[in-house]
Amino acid sequence: MEKEEKNTKSFEENLEELAKIVEKLEAGETPLDHAIEEFQKAMVLAKNCDEKLKNAQDAIHKIVSDDNEIKNFEMSE
């Protein structure tokens, strides 16, 4: 997964792939070079998940204003 590759996967897809990588690494049977590659992929996936969560949080903050009135909003991905 390249750094410049646009992430079009959903949060759930990224999280599922991240979990699979973690399972492989926790098993301890992955050769070091491959483990490093998998770790790098996992870090990119974790960053993507974090970004999607922050975007969702921002969208929620836009829904409710400071005076607790509901605002119109659009959810974009």
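I began with the charged pairs, and the count comes to 5 salt bridges, where a salt bridge is a side-chain nitrogen of Lys or Arg within 4 Å of a carboxyl oxygen of Asp or Glu. I note that this is a predicted model, in which local features need pLDDT of at least 70 and side-chain atom pairs count only at pLDDT 80 or more, while totals for chains, interfaces and linings use all residues. Residues are numbered from 1 along each chain as its sequence is written, and side-chain values use heavy atoms, with hydrogens and water left out.

**Overall layout**

I looked up the secondary structure and found 2 helices and 0 strands; these are DSSP runs numbered from the N terminus, with helices (H or I) of at least four residues and strands (E) of at least two. Of the 77 residues in the protein, 17% are buried, meaning under 20% relative accessible area, whereas exposed means over 50% and partly exposed lies in between (1.4 Å probe, protein chains only). I also noted that residues 24 or more positions apart account for 55% of the contacts with a separation of 6 or more, a contact being heavy atoms within 4.5 Å.

**Helix H1**

I checked the length of H1 and found that its 17 residues should span 24 Å at 1.5 Å a residue, which agrees with end C-alpha atoms that are 24 Å apart; the expected span is 1.5 Å times one less than the number of residues. Which residues of H1 are buried? I found Asn14, Leu18 and Ile21, and they lie on the same side of H1 because they cover an arc of only 65 degrees around the axis, taken from the directions from the helix axis to the C-beta atoms. On the other side of H1, I found Glu12, Glu23 and Glu26 exposed. The buried residues of H1 pack against H2, and just after H1, Gly28 takes a positive phi of about 75 degrees.

**The loop at Thr30**

I then moved to Thr30, which sits in the loop between helix H1 (11-27) and helix H2 (32-63). A polar atom of the Thr30 side chain lies 3.4 Å from the backbone oxygen of Lys24. Leaving aside neighbours within four places in sequence, Thr30 is in contact with Lys24 and Ala35.

**Helix H2**

I read H2 as 32 residues reaching 46 Å from first C-alpha to last, close to the 46 Å expected at 1.5 Å a residue. Its buried residues are Ala35, Glu38, Ala42, Leu45, Asn48, Cys49, Lys52 and Ala59, and I found that they pack against H1.

**Back to the charged pairs**

Side chains of opposite charge can pair when their charged atoms come close. I found Lys9 and Glu17 joined in a salt bridge at 2.4 Å, N to O; Lys9 is partly exposed with a relative accessible area of 29%, and Glu17 is partly exposed at 25%. Glu16 and Lys20 meet in another at 3.5 Å, and being 4 residues apart in helix H1 they are separated by about one helical turn. In helix H2, I found Lys41 bridged to Glu38, with the closest N and O atoms 3.4 Å apart; the two lie 3 residues apart, about one turn of the helix. Is Glu38 buried or exposed? I found Glu38 buried at 3% relative accessibility, whereas Lys41 is partly exposed at 31%. My last entry is that Lys24, Glu38 and Lys41 are linked in a network of salt bridges.

Technical notes. A polar contact is a pair of N or O atoms within 3.5 Å; within protein, one must be able to donate a hydrogen and the other to accept it, and residues adjacent in sequence count only if both atoms are side-chain atoms.
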